[in-house]
Structure formats: C-alpha cells, structure tokens
Amino acid sequence: MKSILILTDFSSATEQTIGYIKENGLQLGIQRILIYHSFGPQGIDTLVPDGIKIPILGDEHQLFENSIATLQKLRNELLEVLQDVEIDVLIDSKPVVEAVHEIVQEKNIDLVVLGINGSDDGGKNSVGKIPAHLMKNHSLDLLLVPSNSKSYRMDNVMLACDLKNIVQILPDKKLKEFVRDLNAHLFVVNVGEENDMDAVSLVQEQTVLHELIDDLNPEFHYLKSKDTVPVLLQFAQSKQVGLIVAVPLKRGFLENLFHKSETKKLTLNTIIPLLLMHKR
C-alpha cells in the first residue's frame with residue numbers, strides 16, 4: 001500500500017488522522033500521499049461528520065483560499081517526518097464519494113484513509129455519511145482512524161476473521177505482503193457462538209485459514225461469545241494491537257458492525273484504527 005489518499009474535513013478527526021500517518025508512515029512504507037478536500041455543498045456527500053460544524057467564511061473564493069491554506073499546513077506537517085515521500089494536495093467542489101472513486105482510478109491509489117468521530121468528540125459516536133457510503137463499496141481498501149485513537153505502533157496487528165467461506169473472502173496475498181512490510185506480529189481472532197457452524201465445517205474452514213497464512217507465524221485465537229464486537233475490541237486492547245484488519249462481507253458480522261446501532265457505537269468507542277481490506 002504505497003500510495004494513499006487522505007480525506008480531510010479539518011475536524012479533530014482529520015488532526016488525529018494526520019498524526020497517525022506521521023507516526024506510522026515510515027513503517028507503512030508509504031511512497032506517495034494525496035491529501036484531498038471538497039468544499040462543495042453540504043449534503044449527503046459531505047465529508048463533514050455528524051456534529052461537526054465547519055464555518056463558511058465569505059464567498060466561495062474565500063472558502064477555497066482558506067481550504068488551500070489548511071491543506072498546505074497539513075502537507076507541511078507530514079513533510080516534517082516523511083521527507084522522502086511525495087505529498088500533494090487536491091481540492092475541488094465535487095461530491096466526495098464521486099471524487100474518491102475518480103481519484104482512486106486516475107491516481108492508482110492503494111488505500112483511502114479518513115478519520116471518524118470517536119467517543120471523545122462531545123460523547124457523540126458517528127461514522128458520518130461519507131465513511132458509511134465508502135464502506136458499502138466492496139472494492140476500496142479503507143483505513144479508518146478514530147478521533148480518540150490511542151498511539152500504538154503497528155508491531156502487533158489483529159485480523160478479525162469470519163470463518164465462513166474463508167478462501168473466497170480472505171485477501172491472503174495482500175494481507176501477507178502488508179504484514180511482512182510492517183514486520184508485525186499477527187493475531188488472528190475469530191469470535192463466534194457455539195452453534196455458528198457444524199463441527200466438520202468449522203474444522204475445514206480453520207484448516208484452510210491455517211494453510212493460507214501459516215507462513216506468517218500468526219497466533220490463532222478462536223473465542224466463543226455472542227458479543228462479537230466487544231470481545232474483539234477487548235482482545236485487541238489487551239494485546240496492545242496497533243491496527244485491526246477486517247475483511248468486510250457483503251452480509252456478515254462486519255456489515256452488521258456498521259449498520260446496527262449498538263455495534264456501531266461499540267466500534268466507534270475503539271481507540272484502535274481499523275483497516276478494511278478487500279479481496280479483488
């Protein structure tokens with residue numbers, strides 16, 4: 001993931017995201033960064049998260065000038081640490097989701113990075129409209145950085161794994177390259193209820209999972225609970241995991257994670273960034 005796109009809204013979530021990339025950019029091996037902001041009309045495609053108010057100063061020209069100045073400031077912050085990385089800024093008035101898809105195709109972007117509101121933002125938990133729209137697209141790799149994210153290096157990475165149809169959904173080659181580039185230790189964690197799968201299917205899927213990624217020497221943990229999300233988060237924090245990797249299913253526990261109010265809130269209470277990785 002050498003080329004990344006950072007979406008900005010100039011909120012506390014953006015500040016945390018920039019800080020996270022500053023701290024981890026070298027370990028990630030990033031070679032090119034594009035920082036993007038849209039100053040288009042506020043609506044369903046706004047990047048501004050729920051509860052965040054961005055002042056509109058003067059006319060469109062003034063807004064553009066203010067936004068450019070802020071983007072350049074963010075660029076300079078990154079360059080303080082990532083001197084050898086090519087860093088550019090881009091601003092326009094397009095709807096964000098539309099712009100993201102265009103930029104990813106035209107600029108050969110490997111990873112889209114954006115902040116989400118964590119529980120420290122006035123006690124309000126929200127993924128915002130843009131992250132929700134982008135997560136519904138099952139082709140973009142997304143790195144979501146909570147605004148209350150705790151600073152752990154990515155020496156420990158956790159794969160939150162669903163065992164059903166693992167060979168069809170797990171991007172094993174991409175995952176292995178990513179973990180090796182980080183030189184990280186991998187925890188593979190599955191949380192399920194006792195009767196989620198019959199014994200034969202469970203053993204078969206576990207065997208396939210081991211065959212796919214055993215050469216990373218990961219630690220495998222199969223935990224039994226009906227409370228998937230809190231158990232995953234508790235495990236990650238106990239192991240000082242710096243990044244959670246999840247493989248979204250079109251229908252599955254991760255889809256529910258962002259669409260059921262209870263698990264959505266739990267997710268946004270996490271202090272650990274979340275990488276949604278897709279098999280293409």
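Helix 7 (residues 199-213) lies across strands 6, 7 and 8, and its direction is at about 155° to that of strand 8. Helices and strands here are DSSP runs, helices being H or I of at least four residues and strands E of at least two, numbered from the N terminus. Axes are lines fitted to C-alpha atoms, for helices over the stretch in contact, and angles between N-to-C directions run from 0 to 180 degrees.

The model is predicted, with local features requiring pLDDT of at least 70 and side-chain atom pairs pLDDT 80 or more, while totals for chains, interfaces and linings use all residues. Residues are numbered from 1 along each chain as its sequence is written, and side-chain values use heavy atoms, leaving out hydrogens and water.

## Overall content

The protein has 10 helices and 10 strands. Of its 280 residues, 51% are buried; buried means under 20% relative accessible area, exposed means over 50%, and partly exposed lies in between (1.4 Å probe, protein chains only). Among contacts (heavy atoms within 4.5 Å) between residues at least 6 apart in sequence, 85% join residues at least 24 apart.

Ten strands form an open sheet with mixed pairing, in the order 3-2-1-4-5-10-9-6-7-8. Strand 3 (86-92) and strand 8 (219-224) are the edges, each pairing on one side only. From one strand to the next, the twist averages 25°. Helix 1 (residues 12-28) packs on this sheet, where it touches strand 1 (3-7), strand 2 (32-38), strand 4 (111-116), strand 5 (142-146) and strand 9, and its direction makes about 135° with that of strand 4.

Two strands pair if DSSP finds at least two bridges between them. Some of the pairings are listed here.

| Strands | Sense | Bridges |
|---|---|---|
| Strand 6 (residues 156-160) and strand 9 | parallel | 4 bridges |
| Strand 9 and strand 10 (residues 274-276) | parallel | 3 bridges |
| Strand 6 and strand 7 (residues 185-192) | parallel | 5 bridges |

A246 of strand 9 is the bridge partner of A160, and A246 also stands opposite L276 in strand 10. L159 has V188 in strand 7 as its bridge partner.

In a regular strand, side chains alternate between the two faces of the sheet. In strand 9 (residues 243-246), L243 and V245 point one way, I244 and A246 point the other way, and all are buried.

## Aromatic pairs

Rings of Phe, Tyr and Trp (its six-membered ring) pair if their centres lie within 6.5 Å; planes under 30 degrees apart count as stacked, over 60 as edge-to-face and the rest as tilted. By this rule there are 3 aromatic pairs. One of them is F187 with F235, edge-to-face at 5.7 Å centre to centre and 80° between the planes. F187 is in strand 7 and F235 in helix 8 (residues 228-238), so the pair links parts of the chain 48 residues apart. Both F187 and F235 are buried. F220 and Y222 form a stacked pair, with 6.4 Å centre to centre and 10° between the planes. Y222 counts as partly exposed because its relative accessibility is 29%.

## Helix 3 and helix 4

The axes of helix 3 (residues 96-107) and helix 4 (residues 129-136) come within 10 Å and cross at roughly 45°. Helix 3 is therefore oblique to helix 4; angles under 35 degrees count as roughly parallel, over 145 as roughly antiparallel, 65 to 115 as roughly perpendicular and the rest as oblique. The crossing is right-handed, a term used when the near helix is turned clockwise from the far one by less than a right angle, with anticlockwise being left-handed. V96, V97 and V100 of helix 3 make the contact with I130, H133 and L134 of helix 4.
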